[in-house]
Amino acid sequence: MPAPPAAKSSPKPGKPAAQASAKAPAKSPMVRAMEKLGLRRDIDLALHLPLRYEDETRITPLARARDGTTVQIKATVVSSDVSFRPRRQLLVVVRDGEETCTLRFFNFYPSMHKLMAVGHTIRARGEVRGGFLGWTMVHPSVSAAGAPLPNALTPVYPTSAGLPQAYLRKAVAGALERVDLTETVAPELLPRTHDGQPMWTLRAALQFLHHPRPDVSLDTLEDHSHPAWQRLKAEELLAQQLSQLESRRARDRLRAPALRAPEGGLHDRLLATLPFVLTDAQARVCREIAADLGQPVPMHRLLQGDVGSGKTVVAALAAAICIDGGYQCALMAPTEILAEQHFRKLIGWLEPLGITTAWLTGSQKAKERRDMLALIASGEAALVIGTHAVIQDKVVFDRLALAIIDEQHRFGVAQRLALRGKMRPQGAARDGHGHGHGHGDGNGDTQEPHLLMMSATPIPRTLAMGYYADLDVSTIDSLPPGRTPIVTKLVNEARRDEVVARIRDQLAQGRQVYWVCPLIEESEALDLANATETHAALGAALADAGGEPIEIGLLHSRMPVAEKKAVMDRFISGRMGVLVSTTVIEVGVDVPNASLMVVEHAERFGLSQLHQLRGRVGRGAAASACVLMYSTGDAPRLGETARARLKAMAETADGFEIARRDLEIRGPGEFLGARQSGAALLRFADLATDAALLEWARDAAPRLLDRHPELARQHVARWLGGKAEFLKA
Ligand code: ADP
Ligand code: MG
């Protein structure tokens, strides 16, 4: 690239040259505004792609302009006046041939008067309106007609207040000239575009996307199918896959205890005492997990299975293998109530076999906690169960070899990272990842625990590949036998009485009922009021029936934990007929006698959430139903997405199908939630539509890393900068 002419960079005559100063120059407000948008390095600016484009490359004669379209005209100023009615404004009338147009400005500066002086020819770009008094344009962008027309579309960038387009355009253009865009993907590894053409180079793609030729099909830019977009998406996906592959390899260099269940040990005894036989799917995932545990490398496995598919017993068997090996196992759930509900069964299976369990929760009394910590530190407790409390600093394990996280999607990325760090044995050098040790044989005795994560929100394949390439996945794809399918009904809120009648009917048969109120996120107080009101109304409605009084409980997220537990216990024991609750019962609760679930304001819930809720019933042999009560509020009917969700619920009970539809309705970013996705890690690619590119990236990543490790490193640095660490969560 030729150096810019010297004259340009030398200070203007008359102005003193800037003093060379020892201090770093203060950042201008513009630079700070750019940093806020994450625009620090030249590459950041180069990857800051336009939202849309403006066509300033052509002139439309006014005579051919169509009402309501955006055009650029070239015309001569015939008058320029400041008017004060109805408010202060600059009115400039311009003429193009026979036609005139009034340009209206409510904010204006002296420079504009100069530019639009009578007799000057100008270009004005904006939306034209034809009216009674001729054409008008409000606040067009105006330039002198003398300058040459640009030959590319003008980019309009995402920006923030205080950062003008013009400034950003210059900054991006400058960055594009300076930035190093050497290819990091070896040409033989590049895919073809979908019409079989070779991929564009990164440089060509970026230059094009910032300044496309005016004849480009705007559709292909908008839907990101243009070859230039293809290249960017491929690059981004590759960076993501590379980073995950690297962390996977780093993990494979670590050591973990190789655990094998001896014949006749705890594992075998547990299997023999279970009140049921494992399903084929459960047996298969158990084998997958056992094989991982038998390796001297830490397991990193996600166990996914629909609600009620029987993940707990799989966790118990894994724990048994660990304990058989003489090690400790930690089990974590996102909330206290879940930790208790969820693992009650598991403890019920293991304690009779002589296993000592320690509990760790946030609400524990100091004394109890001290005792538990001692049990854990001495190694006497083979099984440690609790909430996040399990990963707090004070907890020191004697010999932790397996950590199991239930409902892992409810833990944030940061928490999962913390857990990774925590899992390393205390006192051991925390040097596992990367630097220093080369290929791990220097790690000596440092051992890491195995990690098993469980989730009832099945992740569609592309998402699993995209976000969890660093994970092995086991899937329980069938339910235990003997379940009666749940009937799902959509009922308008106007028919509430019928719903109450149905509840009465179930209670008369000795069954139990859940009634779920929506969590009102903006206002916990409102939320509580709502649940309390429903609780009272339901009590009144059911009391009318006469007969034996029915116990109706209320469970709310703001209740103290002990109170929550007491309510849950009464419901589990069967003494309580109806449980009114906010979504705190969403996951994990297992009451087989509950046969009816009513969800109030079902239109406010997400699809996976509804599916999870529905999974609370149909856990026994009784025929079960889920009533989704919706309200259209003041609107004549439900909004489109709410309707799509409820329709999906009524049509299918299969968690994987639900997840697929959820992804379709919400898109992957929202599907995973910002927490889960580490704040939208993918800017360009879309896992729902770019499956083919994702496949390519997954395949290309190991080849690039093996054949050209330095290029791979550059690629990740270019794309992820400081974000690479997040991808490892
Ligand atoms: P989830 O996968 O949602 O955690 P659970 O582990 O809570 O499911 O299991 C749901 C119910 O199914 C529990 O009551 C459990 O004891 C029971 N269950 C699990 N596996 C089997 C099986 N193979 N046969 C019969 N019942 C089973
Ligand atoms: Mg569970």
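## Strand E18, helix H18 and strand E19

In this predicted model, Leu-555 stands opposite Ser-581, a residue of strand E19. From strand E18 the chain passes through helix H18, residues 561–573, to E19, forming a right-handed β-α-β crossover. The sections below describe this unit, then the cysteines, a histidine and the chain as a whole.

**The strands**

- Strand E18 comprises residues 552–555, while strand E19 comprises residues 578–581.
- The two strands, E18 and E19, pair in the parallel sense, with four bridges between them.
- In a regular strand, side chains alternate between the two faces of the sheet.
- Ile-552 and Leu-554 lie on one side of E18, and Gly-553 and Leu-555 lie on the other.

**The connecting helix**

- Helix H18 contains 13 residues and spans 18 Å from its first C-alpha to its last, close to the 18 Å expected at 1.5 Å a residue.
- Lys-564, Val-567, Met-568 and Phe-571 are the buried residues of H18.
- Viewed down the axis of H18, the buried residues fall within an arc of 100 degrees, so they line one face of the helix.
- An α-helix has 3.6 residues a turn, so residues three or four places apart point the same way.

**Cysteines**

- Zero disulfides are found in a search of the whole structure.
- Cys-329 has Cys-322 as the source of its closest cysteine sulfur, at 5.1 Å; because a disulfide requires sulfur atoms within 2.5 Å, this separation is too far for a bond.
- Cys-329 is buried, with a relative accessible area of 0%.
- Cys-286 is also buried, and its relative accessible area is 15%.

**His-267**

- His-267 belongs to helix H9, which covers residues 266–273.
- The relative accessible area of His-267 is 15%; because the cut-off for a buried residue is under 20%, His-267 counts as buried.
- Leaving aside residues up to four places away in sequence, His-267 touches Ala-261, Leu-317, Ala-320, Ile-321 and Asp-324.

**The chain as a whole**

- The chain holds 25 helices and 21 strands.
- Of its 729 residues, 49% are buried.
- Among contacts in the chain with a separation of 6 or more, 76% are between residues 24 or more positions apart.

Terms used:
Residues numbered from 1 in each chain as written. Chains lettered and ligands numbered in written order. Predicted model: local features only at pLDDT ≥ 70, side-chain atom pairs only at ≥ 80, totals over all residues. Heavy atoms only, no water. Buried < 20%, exposed > 50% of the residue type's maximum accessible area, 1.4 Å probe, protein only. Pairing = 2+ DSSP bridges. Right-handed = clockwise from strand over helix to strand, strands pointing away. Expected span 1.5 Å × (residues − 1). Arc of directions from axis to C-beta. Contact = heavy atoms within 4.5 Å.
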